[in-house]
Amino acid sequence: MEALDFSVIDAAGSALMLVFQPERMIFMVFGVAVGLIIGLIPGIGGLTGFALLIPFTYTMDPIAALGMLLGMQAVTTTSDTLPAVLIGVPGTSSAQALVLDGHELAKKGEAARALAAGYTSSLMGGVFGAFLLAFTIPFIRPFVLAIGTPELFAITTLALAMVAALSGNAPLRGVAIACFGILISMIGIDAQTAQRRGTGSFVYLWDGVPIMPLMLGLFALPELCELAIARKPLADNVKFDPKKGRSQGIRDALTHWFLVVRSSILGVVCGAIPGFSGAVVDWMAYGHAARTEKGASETFTKGDIRGVIAPEAAANAINSGSLGTTLVFGVPGSAAMAILIGAMLVHGIVPGPDMMTTHLDITYSMVWSMMVANIIGTLACITLSVYFARIATLRYTLLLPAILVVVYIGAYQASSSWGDMLVLLVAGLVGWAMKRLNWPRPPLVLGLVLGVLLERYLGISIVRYGADWLYRPGVMGVLAIAVLVLARPLINEIRHGGLSALVPSGRPVFKLSDLFYVILMGITVLMMFEASKWPTAARLGPQIVGTVLLIGAAVSFYHAVTARGRPIEDERDISYRGIYMDIGSEKDDLGNRLVLSRAAQFFGWFLLFMGLMAVIGLIPTIPVFVIAYLRFHAREPWRLTVLYAAGVTLFVYVVFDQLIRVFWPNTVLGALFPQLTSMIPSV
């Protein structure tokens with residue numbers, strides 16, 4: 001045993017020396033720079049970074065090549081903090097929960113504080129996760145082997161329950177909308193029966209609804225629409241001097257070190273489970289903080305710095321857990337790790353048990369690369385956070401055009417299809433309606449992410465174990481916790497209002513906003529009717545989830561309409577109901593007519609962009625769109641308008657056309673004049 005311990009320590013030490021060799025550090029810093037840029041651009045993600053960097057690694061030294069790739073991957077979840085905090089747009093799927101409190105802090109003029117706290121907790125989470133992985137590598141194998149598909153199903157159910165239950169004074173809304181997300185995830189070709197489910201005649205839907213345009217539509221477009229409605233800077237009054245705010249944010253992260261540790265452990269453990277992405281873990285970390293931190297029910301989603309710290313620490317720590325599973329078993333913990341395996345095989349390195357023996361030095365070099373990359377990337381972000389924070393004080397007309405263009409392209413990265421743009425538009429309209437009507441959006445996104453995993457794990461568990469999988473100790477324990485999480489709002493209602501609180505007796509009062517319930521239940525009934533024609537294995541999941549949705553939505557609808565006929569409750573009496581886990585609409589005095597008018601204008605500009613893009617192509621559309629918006633809508637000076645349009649167009653051309661080589665959609669002009677396609681990009 002002592003010999004083994006010394007061999008591990010020796011391998012770890014020699015690997016650290018290899019990583020710090022100057023020629024290898026240069027490549028790692030380059031990877032970090034690419035990762036930071038990618039994280040700043042909503043919708044791009046680490047997969048694009050791998051696609052950019054892998055061709056350069058074929059002739060490189062293996063340790064330098066893997067260090068560069070891991071350096072890029074490690075810091076993507078660091079720089080995605082910027083768009084999430086400043087404009088409410090998740091830079092990657094791992095930054096969704098960050099939007100809730102980070103964006104609220106930016107609105108209060110505390111953007112520098114939120115950015116610094118996010119960067120610091122991200123650094124702490126990444127470094128702690130790497131250390132945890134380094135010390136647990138010899139012991140991780142038995143732990144991961146003990147997890148089967150039944151346990152994976154139970155853990156996935158718990159993750160969904162934690163978010164669905166955090167829906168303020170209407171928890172059943174969270175359950176219903178999470179189930180709707182699961183139903184959407186089931187659209188496509190069923191893996192077991194090859195049955196096309198909910199696709200209609202659209203080939204685009206055969207692979208399911210892409211997560212990226214849906215996420216950007218639900219979170220990005222509603223926030224941008226609200227900015228266009230308010231027509232004022234994101235932060236009217238800056239409470240903190242940027243430098244002072246940066247110092248405060250760093251102190252916040254250090255003060256809440258125990259929250260960072262707990263969130264980091266959660267991130268590493270969940271990252272070790274194949275299929276658990278950052279889109280899931282950041283919500284789990286946020287939900288954990290909301291349930292365990294003192295006073296969270298009053299301050300979370302309203303600009304609590306702890307709501308920034310927890311998801312950021314977990315989102316960065318997940319890379320370490322995912323890397324551990326990839327190295328020990330050769331099983332990729334995520335899509336990015338699957339590409340990393342390909343890069344390793346090119347260099348003759350085969351993931352698996354040999355990584356714990358023969359290639360232990362390479363294993364530790366990868367762990368140290370992630371740690372060093374986190375330190376370099378975070379220090380750069382913290383240094384620049386003072387300047388980033390000033391973006392929040394810009395007038396909305398200077399923010400919207402560039403952000404909209406990047407959102408369009410980020411959504412289009414999902415499958416390079418016109419369907420991506422349509423999904424973005426529909427999700428944007430639905431997301432804005434949900435925001436205005438106080439329907440939580442996080443459960444919908446999490447249902448979409450986890451729905452595929454839930455159905456897959458359940459199907460495999462039933463085939464392999466029959467009904468016995470339910471009696472496995474780990475499954476019973478985790479499912480019991482999930483039931484308690486979901487039942488907690490019900491128990492609180494009974495404790496504070498007795499059994500009569502469950503059956504309100506007020507006079508029903510209906511509002512136009514109740515149509516959302518009707519539409520949601522109507523769509524669900526249609527989907528279940530369509531599912532009744534499918535084979536048993538294909539229809540079982542949609543029918544079970546649809547039934548739960550209808551029950552939850554119907555009970556919530558009944559409570560909503562009867563509650564309006566009762567006396568208004570004292571705020572102190574309903575504080576026990578917990579957190580409404582979403583960003584609510586700003587209270588304003590604009591009136592419904594003006595709000596709807598400005599929202600229609602916003603989505604009208606969206607449709608104009610799509611129309612021009614269909615005719616002349618995306619890149620030629622950008623200067624036309626930006627000039628039209630800035631000059632004729634915002635009344636900006638001609639010189640500023642032209643320079644702005646030229647800058648945005650050049651950025652898109654260099655980054656997306658020349659570097660990433662995006663396959664642009666077909667256009668009317670390109671069909672009429674094929675020779676133009678070789679002359680003008682994207683036509």
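This is a predicted model: local features need pLDDT of at least 70, side-chain atom pairs count only at pLDDT 80 or more; totals for chains, interfaces and linings use all residues.

Colleague: Where do Arg472 and Glu151 lie?

Modeller: Arg472 is in the loop between α21 and α22 (473–497), while Glu151 belongs to helix α9 (residues 149–164), so the pair ties together parts that are 321 residues apart in sequence.

Colleague: And Arg472, is that buried or exposed or partly exposed?

Modeller: Partly exposed, with 23% relative accessibility. Glu151 counts as buried because its relative accessibility is 13%, and the cut-off for buried is under 20%.

Colleague: How many salt bridges does the structure hold?

Modeller: There are 13 salt bridges. Among them is Glu226 with Arg436, where the closest N and O atoms are 2.9 Å apart.

Colleague: Which parts does the pair of Glu226 and Arg436 tie together?

Modeller: Glu226 sits in helix α11 (residues 211–230) and Arg436 in helix α20, so this pair links parts that are 210 residues apart in sequence. Glu226 is buried at 10% relative accessibility, whereas Arg436 is partly exposed at 25%.

Colleague: What about Arg197 and Asp190, buried or exposed?

Modeller: Both Arg197 and Asp190 are buried. Their side chains meet in a salt bridge too, at 3.8 Å, N to O.

Colleague: Which residues are linked in a network of salt bridges?

Modeller: Arg262, Glu293, Asp304 and Arg306 are linked that way.

Colleague: OK, switching to Arg441. Where does Arg441 lie, and what does its side chain make a polar contact with?

Modeller: Arg441 is in the loop between α20 (418–436) and α21 (442–465). Its side chain makes a polar contact with the side chain of Glu223, at 3.3 Å. Arg441 counts as buried, with 0% relative accessibility.

Colleague: Last one, Asn374. What does Asn374 touch?

Modeller: Leaving out residues up to four places away in sequence, Asn374 touches Ala74, Val75, Thr78, Ser122, Leu123, Gly126 and Asn316. Asn374 is part of helix α18 (residues 360–388), and at 1% relative accessibility Asn374 counts as buried.

Conventions:
Residues are numbered from 1 along each chain as its sequence is written. Side-chain values use heavy atoms; hydrogens and water are left out. Helices (H or I, at least four residues) and strands (E, at least two) are DSSP runs, numbered from the N terminus. Buried means under 20% relative accessible area, exposed over 50%, partly exposed in between (1.4 Å probe, protein chains only). A polar contact is a pair of N or O atoms within 3.5 Å; within protein, one must be able to donate a hydrogen and the other to accept it, and residues adjacent in sequence count only if both atoms are side-chain atoms. Contact means heavy atoms within 4.5 Å. A salt bridge is a side-chain nitrogen of Lys or Arg within 4 Å of a carboxyl oxygen of Asp or Glu.
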